[in-house]
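Q: Hi, I'm new to this one. Could you walk me through it?

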Amino acid sequence: MTDRPLTKNIRPGQPPLDLKGYEKAGGYAAVRKALGGMAPKDVTQVIKDSNLRGRGGAGFPTGVKWSLVPIGPDAPRPKYLVVNADEMEPGTFKDRLLLEGDPHQLVEAVIVAAYAIEAETAYIFLRGEYILAAKLLMQAIAEARAAGYLGNNILGSGYNLDLHLHTSAGRYICGEETALLNSLEGKRATPRAKPPFPQISGLWGKPTIVNNVETLSNIPHILVNGPEWFKGLSHTPNGGTKLYGVSGKVKRPGVWELPMGTTVRELLEEHAGGMRDGLKLRGIIPGGASTDFLGEEHLDLQLDFDTVGKAGSRMGTGTMIILDDQTCPVGFVHSLIQFFAHESCGWCTPCREGLPWTEKILAALEAGQGEMADLDRLGKQVKFMAPGMTFCPLAPGAMSPLGSGIKRFREDFERHIREKRCPWR
Amino acid sequence: MATIYIDDKPYEVKDGQNLLQACLSLGLNLSYFCWHPALGSVGACRQCAVKQFKDENDKQGRLVMSCMTPASANIRISIGDAEAKEFRQDVIEHLMTNHPHDCPVCDEGGECHLQDMTVMSGHHDREYRFKKRTHINQDLGPFINHEMNRCIQCYRCVRYYRDYAGGRDFNVFASHDNVYFGRHEPGTLESEFSGNLVEVCPTGVFTDKTQKKHYTRRWDLQVAPSICVHCGLGCNTTPGERYGQLRRIRNRYNGEVNGYFLCDRGRYGYEFVNSAQRVKQVVYRRRDDAGVETVEKAVKGDVLRYLARLLADGATAIGIGSPRASVETNFALRALVGPENYFTGMTALETRLVSSMIEILKTGPARTPSLDEIGDADAVLVLGEDVTNVAPMMALRLRQSVRNEPMAVAHKIGIPDWNDAAVRGAVQTKKGPLFIATPAATKLDEIATSTYNAAPDNLARLGYAVANAIDPEAPTGDRVSAEVRQLAETIATALKGAKKPLVIAGASCANECIIQAAANIVWALCKTEHAAALSFTAPECNSVGAALLGGRSLDEAIQTVRDGRADVVIIAENDLYRRAKRADVDALFEHAKHVVVIDHSPTATTAKAEVTLPAAAFPEGDGTFVNNEGRAQRFIQVYVPEGDVQESWRWLRALRVATGKADVAEWATLDLALASVEEAVPALSGVRNCAPPPAFRALGQKVPRQAHRYSGRTAMRANINVSEPKIQEDPDSPLTFSMEGYRGELPASLLPSFWAPGWNSAQALTRFQEEIGGPLRGGDPGVRLIEPAAGSAPAYFGDAPKVFAVRKNDRLAVSLYHIFGSEELSALSPPLAERIPALYAALSPSDAEALEVANGDTVELRLNGAAWRAPVSVRPDLPRGTVGVPAGLAAAEFLSAPAWISVEKVSAT
Ligand SMILES: Cc1cc2nc3c(=O)[nH]c(=O)nc-3n(C[C@H](O)[C@H](O)[C@H](O)COP(=O)(O)O)c2cc1C
Ligand code: SF4
Ligand code: SF4
Ligand code: SF4
Ligand code: FES
């Protein structure tokens, strides 16, 4: 048993294990176990017991999500499992490691998860730019199919599953699970209103589960090693390990699998090697761009869903972006908002119109054309695009670094206006 | 019913609605954009936010979108909550960041939902100080103007055009704040229902291009309730006039008929009224002994005296009515010449077809559904009708009806009907049963379960086979092929399995057996306890009214004249050349001593009349039409025409007075004329009540045709005479040509258009409905004259026709219909004329091969000495042994059925 289940097969600089190697490393044991006698609902129960929470950003309990899918002979058919491998969140590159490093792990996970919800078809929705991952996944899928892990009557169990790889045309919003489903259906990638939830009416109107790559990659290990083992991997009650990432001006940016609940300090200082020489830490966006700034006072914060939530931010994808003292916080936020404004799907008013306006204000501040009233307006924008006001969480996510940034770096914003220039340029 | 609490006040609301619907139904003001009563909710614009509270102790609450929240029992919300109000203002402010704010030059100004909602939200100062994004506009054809910069991205247009109306050449492109609504490239919008974009779009992106040519603000238009004259469905319209010119047609909601929409023929076919060629004066055409013709304008009084003399001298006069003339006009003609000398103006075949439909609907147990009810059907068989081109709005309804059966999927998982995107997500592309059996492919085929193209007799045979498959006692034809039997079984199973099965047929194939087959099917269904409905399309706007009045056919009229039994022929609003063979109509003119034609538009018939009397076109007069459902509906004069123009029935009344057959008091008003109609024709009893009488007053007042903001009243004629003219009298309706009068709640048939304080756009409608999408308060306009004989079990029509036999030399003519072109009056309107297809003669590939012709080659069609040339169009869907001719565009002889025509290749010379 390992304490780094997700990355145990990954060797930097080496190609991923092929089917033989993967099997030799204990791979596909979970498929044998699940299909070799477990009822689908028992698989779901194990995942529920493990307290695995979604690694796509929201941290929703995976087992609970699965249990909402109608099961049994009367359930609508076909049902679908969809892997969310769109990974376009700024600063996030954790799923990529798993996709390129151990594609069979994901294929195995898909089979088990699909079995648990009795899906007959699964899709991997892959970010278009992940070309290497696409190639490796196709190989892995072909190998698995040839070995009888996919297709009809898998391992003689009577269970059939098709797995397709779909590469995205490239919009950030395609990562939002319902926009993803629309995109898969060949429609515009605009999110759907919930309810109905995808578990009830998802892909092509059928019960569907969408899970993140990292979430799913945990499944085979939980099944083989049990829920208690999984919980034991964590420093906190949130369970398991987590792929944590650090980017920004640190010595060694990267991504590491660590126990859930690892502190910011450990991550930053031990694993990322601390700030580059001459730079000081000013802010931390803990989990992709759509989370609130944390600061130096949070260095000893344990990174898990609940603890970060209590500190006023979100763990999100667990991949932090570091703001140093020689980077303009306004420019930093501007760059993020530019991304979000461009990636707005254009469906709802606050986001479609609110983000471009916000972006223009920030650009004006950077260009030395800001006005004091702009700060009130930015505050208003944060309120206007708060959760619940928009159709989906994209815009509220975009407001997280802005809202918290204005609070944390107000003086920097004001200097731009007073000095009619960006003080960092 | 459920009790909900809005700003702490309890209200009773109907179950199954969302909060926005509930609030609007209660008459409360709440702003919205993306929700549309016919399109449902999608939650995109965020304009309809309200505060929702957990219970009465919750003071915090949270914002929710009212259009996406069920109005469930005991829910507590606030519209007036400060945070909710601020949010709604913010939404407008943001929409305005890119909106050009060019109201003064925008055609939507004054009836713009965006203006109304802006005012309603309370937003006024805009802080945005950056550049606006701009778009390029597209040329979308002759009907619609495109100004994309005004777009507020509510997505209504694309949802209407694609999801609701089934169009494909329109979409939303790009993303973020650059989303674009239009076509993939500039070009004429293909949908037959594109004009509704003008009313669906809450701002000035899509505006009426025909109106733009003679633009007038809404508040400067004089309006009255009217009825579309361009097909037999009788959609309700609001024509608008200024300076004696008809400026536009807008939809007038009738919950039972057209609902929120019109077809493009109905909306854009109006310009014939403004034509410089209109018959506007009394014309007298004299031919001297040498045969030299002189045409002169005549004085009304002189001509009346002249005609009175003609009619008085013991001469026999016959009258030829028209299915496009009002009930009153046809009746007045009948009264003038006497029932024995009155002819319907429809050919023998057409008279028989329409009468047969009425007979079936009256004596049989199956009900004729309203257009609205057609949308509720959950299994439909169309027998012989190209619905999109013959009865366009019925096609739009059928596009909704195919959603009914699969809707069960959404219901099962608890998605309410109004949650549009979720319903469509759950239902996907599933469609309920719709079977289309027609001579050639039709546009609705794309949503059909299966289709069947065959010669008319074979369509009837399919119908008989379906009836037989439902009830073995119903007769079937001989030698029914296995293929037809199989299809019939499938159709029968679908119809029997439905809660609201519907069969649609009509006169388009000019084949009585099809009508009888349709009757057999619904009767078989009724006999086996299925509540089947039967809808017939009607060829023209008053075909049913004319048939209910009765009378002999045009063929008999021509024979009468030929036999020398008529000295004077009076023709009302009928171009005989469109109906009968040229030679026959020529013979009528030759044999009749005097021909008097009353019409509003010049036709081949007016061109030969000795006397032409100028008739009022629909917006210039009052009258009643009976639509295909048997619904009598009143159209009310919008404006008083200049000169001698008056309703045909008034001309006929004047002749009665001039000949001493009536005194001046008789039929002084439309209402009195209708009283006579009801007395003389029991089949039409009820027509008088389809709108309140002229004496009706609301709180002692009449109903104004002009908005309270009508401008220039005292100035508009000042160049002619500085004294303000007296308000014109209207003896026929309780409406007045004035700005003054009663504007509150009124009988729906008198509502000229929909307006309420703060609601200047088409969206004002919610203030007039009993519930959203339901009937207008006090009941939808119109009186149904045809009801089924409930519980009756008439004997089935006898055996089916024989299998269609291809002939060696001749080919059977089948009419192919065109929404733009087949109807007489709209084809005279320039914007629509642009869309009329080029002439053609359609042949099946095997016929083309036999004749050694290809697409574009010229063929000559010959029948009884008449000849007509047209380029060939090879259509694989057309049955072998037939030739397809464009209805209304080819000479009448080739359209009368059954016409066996010789078709020959014309060699290039
Ligand atoms: C704008 C937006 C982008 C998202 N992008 C991703 C993504 O790239 N990958 C992902 O797994 N989840 C993404 N999500 C979260 C998904 O909607 C969804 O919650 C997640 O895939 C569920 O998987 P999980 O339960 O395994 O976390 C995004 C959400 C939003 C609102
Ligand atoms: S917040 Fe609205 S506009 Fe933005 S991505 Fe989500 S649905 Fe689209
Ligand atoms: S064009 Fe009109 S209907 Fe279409 S999205 Fe824009 S504002 Fe809405
Ligand atoms: S469907 Fe017929 S009645 Fe209705 S608008 Fe069109 S032409 Fe007029
Ligand atoms: S009307 Fe409710 S969100 Fe648009």
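This is a predicted model: local features need pLDDT of at least 70, side-chain atom pairs count only at pLDDT 80 or more; totals for chains, interfaces and linings use all residues.

Q: Thanks! How many residues of chain B are in contact with chain A?
A: 32 residues of chain B are in contact with 28 residues of chain A. Contact here is a C-beta rule: those atoms, placed from the backbone, lie within 7 Å.

Q: Which elements of chain B supply that side?
A: β4 (62-65), α2 (82-98) and α15 (420-427) of chain B each give at least two residues. The largest share, 7 residues, comes from α2(B). Those names are DSSP runs numbered from the N terminus: helices are H or I with at least four residues, strands are E with at least two.

Q: And what is that side of chain B like by class?
A: It has 18 nonpolar, 9 polar and 5 charged residues. Nonpolar covers Ala, Val, Leu, Ile, Met, Phe, Trp, Tyr, Cys and Pro; charged covers Asp, Glu, Lys and Arg; the others, Gly among them, are polar.

Q: Changing topic: what is the strand order in the open sheet of chain B?
A: The order is β20-β19-β18-β21-β22 (chain B), 5 strands with parallel pairing. Two strands pair if DSSP finds at least two bridges between them. At the edges are β20 (450-453) and β22 (533-536) of chain B, each pairing on one side only.

Q: How many bridges join β21 to β22 in chain B?
A: 4 bridges join β21 (residues 501-505) of chain B to β22(B), and the two run parallel. B:Leu502 stands opposite B:Ala533 in β22(B).

Q: Which strands does helix α18 of chain B lie across?
A: Helix α18 (residues 512-527) lies across β18 (379-383), β21 and β22 of chain B, at about 170° to β21(B). Axes are lines fitted to C-alpha atoms, for helices over the stretch in contact, and angles run from 0 to 180 degrees between N-to-C directions.

Q: Over to chain A. At what angle do α14 and α17 cross?
A: Helices α14 (residues 329-343) and α17 (residues 394-408) of chain A cross at roughly 175°, and their axes come within 10 Å. That makes α14(A) roughly antiparallel to α17(A), a label for angles over 145 degrees. The contact residues include A:Val333 and A:Phe340 of α14(A) and A:Ala398 and A:Leu402 of α17(A). By class, this contact has 9 nonpolar, 1 polar and no charged residues.

Q: Now the ligands. Which residues come nearest to ligand 1?
A: Of the 23 residues around ligand 1, A:Gly54, A:Gly56, A:Gly175, A:Asn212 and A:Thr215 come nearest. A residue is near if its C-beta atom, placed from the backbone, lies within 6 Å. Strand β4 (residues 208-212) of chain A gives the largest share of this shell, 3 residues. The shell divides into 8 nonpolar, 9 polar and 6 charged residues.

Q: And which residues are closest to ligand 4?
A: 13 residues surround ligand 4, and the closest are B:Cys228, B:Cys231, B:Cys235, B:Cys263 and B:Gly266. Both α7 (264-268) and α13 (392-401) of chain B supply at least two residues of this shell. By class, the shell has 8 nonpolar, 4 polar and 1 charged.

Technical notes:
Residues are numbered from 1 along each chain as its sequence is written. Chains are lettered from A and ligands numbered from 1 in the order in which they are written. Two residues are in contact if their C-beta atoms, placed from the backbone, lie within 7 Å. Angles under 35 degrees count as roughly parallel, over 145 as roughly antiparallel, 65 to 115 as roughly perpendicular and the rest as oblique.
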